[in-house]
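Subject: Structure for you to look at

Hello,

Here is the structure I promised to pass on. Please open it beside this email and follow along.

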Amino acid sequence: MIIGKELIALAKSTQKDHQKIFLQLQQFSNHDVNELFHTAHEQVFEEINCLDCANCCSTTPALITESDTKRIAKHLKISVSDFYSTYLVKDEDGDQVFKKTPCIFLGKDHYCSIYEVRPSACREYPHTDHPKMKQILDITFKNREICPAVYDIVEGLKNSLD
């Protein structure tokens, strides 16, 4: 599995081809885009184990919702305000995210110490089975540089759209 700088370089080298794919996908119906991604998602995740990579947790601070905050604080047995001050910061978009990357809850073995109560953004990542894929194509395009599964999904789409 290719991760880190190698994945970024590979994603950049295929950027033009992938941009063409995403332009093609804009012409498809919502249903067809969902069908393509969801099918590819299932196939790719039969082969990829996220514990072999954890690049998302190592490089990208997770967006944390208010409900995530309450759930995780309860799990950690701390107040919501303590959770905010200890673990969160506002990013340049004004969203609450974890202060540190790699994620403070990511172990050396790539296991998440709060997995059962992890944030929604983590639970849903890489979003390639999202119910409205066409609406998040821009995020999916960016995720090719972070997640080898997304890169593989897009490469698979390239082959199926030719």
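A charge sits over a ring if NZ of Lys or CZ of Arg is within 6 Å of the ring centre and within 35 degrees of the ring normal.

First, the ground rules. This is a predicted model, so local features need pLDDT of at least 70 and side-chain atom pairs count only at pLDDT 80 or more, while totals for chains, interfaces and linings use all residues. Residues are numbered from 1 along each chain as its sequence is written, and side-chain values use heavy atoms, with hydrogens and water left out.

**Charges over rings**

Start with Arg118. Its charged end sits over the ring of Tyr115, 3.8 Å from the ring centre. Then find Arg144. This residue lies over the face of Phe141, at 4.2 Å from the ring centre.

**Ring pairs**

Phe141 also belongs to a ring pair, as you will see. Rings of Phe, Tyr and Trp (its six-membered ring) pair if their centres lie within 6.5 Å; planes under 30 degrees apart count as stacked, over 60 as edge-to-face and the rest as tilted. How many aromatic pairs does a search of the whole structure find? The search finds 6.

Take Phe22 and Phe141. Their ring centres are 5.2 Å apart and their planes are at 85 degrees, so the pair is edge-to-face. Phe22 is in helix H2 (residues 15-26) and Phe141 is in helix H8 (residues 137-143), so the pair ties together parts that are 119 residues apart in sequence. Helices (H or I, at least four residues) and strands (E, at least two) are DSSP runs, numbered from the N terminus.

Phe22 has 8% relative accessibility, so Phe22 counts as buried. Phe141 has 16%, so Phe141 counts as buried too.

There is also a cluster. Ring pairs link Phe83, Tyr87, Phe98 and Phe105.

Look at helix H5 (residues 66-76) and helix H6 (residues 80-87). Their axes come within 9 Å and cross at roughly 100 degrees. Axes are lines fitted to C-alpha atoms, for helices over the stretch in contact, and angles run from 0 to 180 degrees between N-to-C directions. Angles under 35 degrees count as roughly parallel, over 145 as roughly antiparallel, 65 to 115 as roughly perpendicular and the rest as oblique. H5 and H6 are therefore roughly perpendicular to each other.

Lys77 lies in the loop between H5 and H6. Its phi is near 60 degrees, a positive value in a residue other than glycine. Lys77 is exposed, with a relative accessible area of 74%.

**Another positive phi**

Ala54 is not a glycine, yet its phi is positive, about 60 degrees. Find Ala54 in the loop between helix H3 (30-45) and helix H4 (55-59). Ala54 is buried, at 5% relative accessible area.

**Two cis bonds**

The peptide bond from Thr101 to Pro102 is cis, with omega near -5 degrees. Pro102 lies in the loop between strand E2 (96-98) and helix H7 (120-124). Tyr125 and Pro126 are also joined by a cis peptide bond, with omega about 10 degrees. Pro126 is in the loop between H7 and H8.

Ala11 is found in helix H1 (residues 4-13). Its relative accessible area is 0%, so Ala11 is buried. Leaving aside neighbours within four places in sequence, Ala11 is in contact with Arg144, Glu145 and Tyr151. The C-alpha atoms of Ala11 and Pro148 are separated by 9.5 Å, though 137 residues apart along the chain.

Ala40 lies in helix H3. From Ala40 to Asp152 is 8.7 Å, C-alpha to C-alpha, and 112 residues in sequence.

Best wishes

Methods
Buried < 20%, exposed > 50% of the residue type's maximum accessible area, 1.4 Å probe, protein only. Contact = heavy atoms within 4.5 Å.
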